[in-house]
Amino acid sequence: MSLSRPTLPETGRQRPELLVPVLLGGLLLVFFALPFVSFLARTGVSNVAAGLATPEARVAIRNSLLTAPVSTAIATVFGVPLAYVLARTSFPGKRVVEALVILPLIVPPVVGGAMLLTAVGRFTPIGSAAAALGIPLTDSLVGVVLAQTFVAAPFVVITARAGFGAVDERLEQASRSLGYGPIATFRNVSLPLARGAIVAGIVLTFARAIGEFGATMMVAYNPRTMPTRIWVEFIAGGIDAIVPLGLALLGITLVVLAAVQRFGRVPTVVEE
């Protein structure tokens with residue numbers, strides 16, 4: 001009895017049919033890389049350490065590092081349960097709920113900020129009531145959190161939903177048959193199995209929140225965050241003036257990229 005040897009792909013074999021896709025994709029990659037290279041090339045004309053040591057820069061960094069984790073935590077606490085419901089149940093109006101989740105990703109951030117102002121602005125019933133209690137919802141750190149949460153929360157909902165959707169429901173049913181309730185099953189079965197997608201969504205939510213500019217500018221131009229401070233510096237001093245804070249945000253972005261790669265591929269498509 002003879003065994004046939006498995007045929008291995010020839011790694012050095014040329015694939016002429018891939019020539020055009022490789023060229024087109026390569027041009028896009030060059031377009032992606034060129035701004036990063038050009039920006040990093042300007043670091044030599046700016047005193048980065050001195051730029052980050054100014055009181056304005058330190059306040060902006062502090063505000064961003066205070067508000068982005070809060071926004072991410074709020075998005076996670078409310079978004080992960082919503083993602084589970086969307087992944088596991090069907091109900092009237094589900095399409096509307098899905099649209100509401102995706103809408104902040106589609107609406108331009110400046111428009112999203114304007115919509116927030118119509119809901120929680122100083123002269124709205126909600127905004128005036130909050131201001132009377134000493135909690136202004138605009139031009140405050142609370143306003144920054146509201147803007148960041150509005151634009152960033154969909155990331156954790158979408159990725160977590162995809163993660164829960166990939167979990168075999170029979171495992172949850174087996175847990176229930178062993179006498180565990182829905183909360184215990186969610187905590188001990190669903191969450192651990194979808195953890196990679198959830199963590200990736202949390203990381204992306206944080207990255208989106210800390211880099212949010214448009215909605216934040218509309219709702220809370222003051223106090224400054226890193227993106228709004230970058231805009232002020234750009235208006236006053238041009239590109240070179242924003243290099244220090246720009247590098248700080250870029251560094252955070254690289255950390256986020258490393259975290260996403262560490263926790264695996266991020267689902268980007270909401271599946272039924």
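Which residues does Pro 109 touch, not counting residues up to four places away in sequence? They are Arg 208, Glu 212, Gly 214 and Ala 215. One thing to know before we set off: what you are looking at is a predicted model.

Let us begin with the whole chain. The protein chain has 13 helices and zero strands. Along the principal axes, the C-alpha atoms fill a box of roughly 80 × 55 × 30 Å. The radius of gyration is 23 Å, while a compact globule of 272 residues would have a value near 19 Å.

How do the parts of the chain meet? Among contacts with a separation of 6 or more, 73% are between residues 24 or more positions apart. Of the 272 residues, 35% are buried. The protein chain exposes about 16400 Å², and 70% of that area is supplied by carbon and sulfur atoms. As for charge, there are 20 positive and 13 negative side chains, and the centres of these two sets lie 4 Å apart.

Now let us step inside. In soluble globular proteins, nonpolar side chains tend to be buried together. In this model, the largest nonpolar core has 16 residues, and those touching the most other members are Ala 147, Met 226, Ile 230, Leu 245 and Leu 249. Several helices each supply at least two residues of this core: helix H3 (55-88), helix H7 (141-165), helix H10 (195-210), helix H11 (214-219), helix H12 (226-237) and helix H13 (239-262). The largest share, four residues, comes from H13. Setting aside residues up to four places away in sequence, Leu 245 touches Leu 52, Ala 57, Ile 61, Met 226, Arg 229 and Ile 230. There is also a second, separate core of 15 residues, which includes Leu 86, Val 156, Ile 158 and Ile 198.

Is Thr 228 buried or exposed? Thr 228 counts as buried because its relative accessibility is 0%, and the cut-off for buried is under 20%. Its contacts, leaving out residues up to four places away in sequence, are Phe 213, Thr 216, Met 217 and Tyr 221. In the loop between H11 and H12 you will find Pro 223. A cis peptide bond joins Asn 222 to Pro 223, with omega at about 0 degrees.

Another loop has a backbone detail to look for. Asp 139 is found between helix H6 (125-132) and H7. Its phi is near 50 degrees, a positive value in a residue other than glycine. Asp 139 counts as partly exposed because its relative accessibility is 41%, and partly exposed covers the range between the buried cut-off of 20% and the exposed cut-off of 50%.

Next, turn to helix H3, where Ile 74 has its place. With a relative accessible area of 34%, Ile 74 is partly exposed. Apart from neighbours within four places in sequence, Ile 74 is in contact with Gly 79, Val 145 and Thr 149. Thr 138 is 64 residues from Ile 74 in sequence, and their C-alpha atoms are 18 Å apart in space.

Our last stop is helix H5 (residues 109-120), which holds Ala 114. Ala 114 has a relative accessible area of 29% and is therefore partly exposed. From Ala 114 to Pro 154 there are 40 residues in sequence and 18 Å in space, C-alpha to C-alpha.

That brings us back to Pro 109, which also lies in helix H5. Pro 109 counts as partly exposed because its relative accessibility is 31%. Its C-alpha is 29 Å from that of Arg 262, a residue 153 positions away in sequence. Yet Pro 109 does touch Arg 208, Glu 212, Gly 214 and Ala 215, the group with which we began.

Definitions and conventions:
Residues numbered from 1 in each chain as written. Heavy atoms only, no water. Rg over C-alpha atoms; globule rule 2.2 N^0.38 Å. Buried < 20%, exposed > 50% of the residue type's maximum accessible area, 1.4 Å probe, protein only. Contact = heavy atoms within 4.5 Å. Areas by Shrake-Rupley, 256 points an atom, 1.4 Å probe, with all protein chains shown as cover. Lys, Arg positive; Asp, Glu negative; His and termini not counted. Charge placed at Lys NZ, Arg CZ, Asp CG, Glu CD. Core = buried A, V, L, I, M, F, W, Y, C linked by side-chain atoms within 4.5 Å.
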